[in-house]
Amino acid sequence: MGHCPGAAGILCYVGAYVFITYDDYDHFFEDVYTLFPAVVIMAVGALLFIIGLIGCCATIRESRCGLATFVFILLLVFVTEVVVVVLGYVYRAKVENEVDRSIQKVYKTYNGTNSDAASRAIDYVQRQLHCCGIHNYSDWENTDWFKETKNQSVPLSCCRETARSCNGSLANPSDLYAEGCEALVVKKLQEILMHVIWAALAFAAIQLLGMLCACIVLCRRSRDPAYELLITGGTYA
């Protein structure tokens, strides 16, 4: 039962990780409800901390009412974590369509300035994921930014880290990342949601174990008078 505070910390960490990582890719995913599993898992984490305190007090005092409350709350948390798993899979399946719809708009609005949030997001993703364009670097030829610059080059964020003299020119495609960003963004977002799913599954199993242990203690109290007397300090008449 003492696992709850530790579990709470880990679940809150997972939820915070999802929020922070998602913030780097939010331009490529318009559905804010994707974060709902992360919100739930952080709320569950906070609730687990409270449950841990209730469980510890109930165990120390061997309070039947406290243990029953502990089991009931654990059951609610268990159901919530199952819901998080289901929602995680639902939103994970929607990622590809959402990214496909959003990424086209983001690339069209690119202007190459650091003051523009969409431009910063594209440059960040291309550097971090080692990609260029939507499907490949040739996608840049269809953007307004490419047509306006008229220098037959792509953003410097498309340059491979090993290409020291790269200036983004399409005349040297070997200096550019060959893979497009759409598939990699989808993969990254799905990985983020899988962190939530696996965390919820793992702690659902722990909650199940916690409920089992608490139920054993409750059953032992109700069926064994000697155990009751031992706890209360009483004696047989």
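Visitor: Which cysteine does a disulfide join to C159, and what is the S to S distance?
Guide: This is a predicted model, so keep that in mind. A pair counts as a disulfide when its sulfur atoms are within 2.5 Å. The partner here is C166, and the S to S distance is 2.0 Å.

Visitor: Is the link of C159 and C166 left-handed or right-handed?
Guide: Look at the torsion about the S-S bond, which comes to -65°. That makes the link of C159 and C166 left-handed.

Visitor: What about C131 and C181: what is the handedness of that disulfide?
Guide: Those two are joined with S to S at 2.0 Å. The bond links distant parts of the chain, with C131 in the loop between α4 and α5 and C181 in helix α6, 50 residues apart. The torsion about the S-S bond is about 95°, so this disulfide is right-handed.

Visitor: How many residues apart in sequence are the parts that C132 and C158 tie together?
Guide: A disulfide joins C132 to C158, S to S 2.1 Å. C132 sits in the loop between α4 and α5, while C158 sits in the loop between α5 and α6, so the parts tied together are apart by 26 residues.

Visitor: Is C132 buried or exposed?
Guide: Buried means under 20% relative accessible area. C132 has a relative accessible area of 0%, so C132 is buried.

Visitor: What is the pairing when the bonded cysteines are numbered in sequence order?
Guide: Searching the whole structure turns up 3 disulfides. Number the bonded cysteines of the chain in sequence order, and the pairing reads 1-6, 2-3, 4-5.

Note on methods. Residues are numbered from 1 along each chain as its sequence is written. This is a predicted model: local features need pLDDT of at least 70, side-chain atom pairs count only at pLDDT 80 or more; totals for chains, interfaces and linings use all residues. Side-chain values use heavy atoms; hydrogens and water are left out. Helices (H or I, at least four residues) and strands (E, at least two) are DSSP runs, numbered from the N terminus. Buried means under 20% relative accessible area, exposed over 50%, partly exposed in between (1.4 Å probe, protein chains only).
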